[in-house]
Amino acid sequence: MRLKEYLKQNRLVADGAMGTYFEMKYPEEKEMAEACNLSSPKKIKEIHLEYIRSGAKLIRTNTFAANTMFFDTIETVKQVVRAGFRVAKKAVEESGQEVFIAADIGPVYDPQFLGREQVLREYYAICDTFLECGADIFVLETQAEFTYVKDVAAYLKKQKDVTVIVQFSIDKNGYTRSGIGMRRLMELAAASEEIDVYGFNCGVGAAHLKHLLGRAVFPNDKPFSALPNAGYPIELRGKTIYQDNSGYFVEMMCQIAGLGADILGGCCGTTPEYIRDMKKALKNVPLAQKKPAAKEGREVKAYGHREANTKNPAASCEKLLLVELDPPFGTDVSKVLEGAALLKEAGAGMLTLADSPMARVRMDAAKLAARVQGETGIPVMPHICCRDKNVIAMRSGILGDYMNGLRNFLIVTGDPVGRDDRGVITPVFDFNSIRFMSYLAEMNTEVFAEDPVRYAGALNYHGANPDAIAKRMEQKMENGCSMFLTQPVYAEEDIGRLAYLKERSGAKLICGILPLVSYKNAMFLANEMPGIRIPKEVIARYSPDMARREAEQTGILLATELAGQMRGVADGFYFMTPFNRAGMIAEIICKIRKEGLLDTAASDK
């Protein structure tokens, strides 16, 4: 009987944990469980048999970590997958029982940010290997987002009539590590034609999952699975240990069954004993109907294709004027506050504060932004850099920023840590800019729905392939990016590049202008700063013996000219303040306003 047919009339008991039980059963084994598909297949087969003897009607292949995060090459991954399916099949044959075998696929991460296509290629290679082995049930488990799930499920359905189970990992509060809430996951999975069964595993204990499901509603009658952890682990002498609480786990699982779960099993910390006791207890729990969702007529939009947030943060009929100030290296913020007040008076629409650029420590941009915005009243957009904080710190930081009244952010991946600092300073990069934008888009849906945050992206327009740059811009816009702040522009050639990127992507561009304050400054930027191109004729406007005020006036004139040249392509201007000279930027703002360069209606003619 096919699994989908079985679930129409029956509740299904699945197996429990493989990895944690493997470590408990074979403490002398040095290799990870998945590697033992090749080196010690009898050990893996014995665990499968224990779960089958305990009453599991569905077992998952020992392939959760069979990917290039843990194995050197995709060819080795394929070997592990083939061996894992072979071992599971032998265990079922030896048991003499009718047991479903699910091809188990864990998350394929992209720590080097190789891109969506690279990740999908690996998923597809794993799927193809399972299909070659004869798999007709697939479980994508411990997923943190919907980004790849729909594509992988659709790919499988095109190859063969298979059953696809998708299980997400949530925390005690009902959120994945990518910030997606339980309700949205259930809506998306239930609405997806490619997904046959959906549910939750890992991350959360049975009691918390029962509590979360008790408050949840089910969008439809699609089969639902629940495979929580035994509880929460503790570290003891370098080992991860779960408390033995089989009785409590079983009690919670019976209540989850009463909420309408169709497949029940266990994840980390569970053992064959848990499954045996659960199987026995579930005989006394009648099949239950799922609590239906209220019919609100609300459409569930596909994940990963969000409408770009195009709301103008400055809410002005003029081109947006945005000015960057540098947070201090120490604790004195007087220059920043003075500069902010001066720029507000001059007519700047918004300020932005960099987050330790060049991986050199400055005052926290968001904390300073809250103070500047609170004291001066001008909106402030802090940069949020993905380099320095893990996913927990990033989420808690945004929540704190929101509490402090910040609603605008510039999301950047971040400059790499310098070679001399490696080993002393550790880059984190749990996110890149696109992934964090996706995370924020989910927070806007789940947490900030009443007053969503707005976020911009940085645009380095240099590069050999402008179409590749435009494609990355489009990916950011799909994840809610409202506009792009560009690198400084000095050359006509670069203005042409920006025009092409704008036409190709449809993006809103806030064009960067960094006034040059001296000959030395111009030479340094031209020769030392990657991503900045300054034509020789621009540098020639300065001389080494030029007085400070004369050089400043040259910079003001040059900035005004650049604003005029970019007027047709720019939706606004992004002025980077050189050496805290806010007065210089204030003069430029007054000059370009006087010349009518901010008039959007005139520039659109």
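Guide: We begin with a term: two strands pair if DSSP finds at least two bridges between them. Please note also that this is a predicted model.

Visitor: Which residue of E12 is the bridge partner of Leu 322?

Guide: Strand E11 covers residues 320-325, and strand E12 covers residues 350-353. The two run parallel and are joined by four bridges. In E12, the bridge partner of Leu 322 is Met 350.

Visitor: Through which helix does the chain cross from E11 to E12, and what is the hand of the crossover?

Guide: The chain leaves E11 and reaches E12 by way of helix H12, residues 334-346. This β-α-β crossover is right-handed.

Visitor: Which residue of E18 is the bridge partner of Leu 321?

Guide: E11 also pairs with strand E18, residues 572-576, in the parallel sense and over five bridges. In E18, the partner of Leu 321 is Phe 573.

Visitor: Why is E11 described as largely enclosed by the rest of the structure?

Guide: In general, the side chains of a regular strand alternate between the two faces of the sheet. In E11, Leu 320, Leu 322 and Glu 324 point one way, whereas Leu 321, Val 323 and Leu 325 point the other way. A residue counts as buried under 20% relative accessible area. E11 is largely enclosed because, of its six residues, the number buried is six.

Visitor: In what order do the eight strands close into a barrel?

Guide: The pairing in this barrel is parallel, and the twist averages 30° from one strand to the next. One of its pairs is E16 with E17, joined over three bridges. The order of the strands is E11-E12-E13-E14-E15-E16-E17-E18.

Visitor: Which strands stand at the edges of the open sheet?

Guide: The open sheet has eight strands in the order E1-E10-E7-E6-E5-E4-E3-E2, with parallel pairing. A strand at the edge has a single partner strand, so one side of it is left without a neighbour in the sheet. The edge strands are E1 and E2.

Visitor: Is Phe 70 buried, partly exposed or exposed?

Guide: Phe 70 lies in the loop between strand E2 and helix H5. Together with Met 69 and Tyr 109, Phe 70 forms a nonpolar surface patch with about 300 Å² of accessible area. Buried means under 20% relative accessible area and exposed means over 50%. Because its relative accessibility is 46%, Phe 70 counts as partly exposed.

Key
Residues numbered from 1 in each chain as written. Predicted model: local features only at pLDDT ≥ 70, side-chain atom pairs only at ≥ 80, totals over all residues. Heavy atoms only, no water. Buried < 20%, exposed > 50% of the residue type's maximum accessible area, 1.4 Å probe, protein only. Right-handed = clockwise from strand over helix to strand, strands pointing away. Patch = residues over 30% accessible without salt bridge, like charges linked within 9 Å, V, L, I, M, F, W, Y side chains within 5 Å. Areas by Shrake-Rupley, 256 points an atom, 1.4 Å probe, with all protein chains shown as cover. Salt bridge = Lys/Arg side-chain N within 4 Å of Asp/Glu carboxyl O. Axes fitted to C-alpha atoms, helices over the stretch in contact; angles between N-to-C directions.
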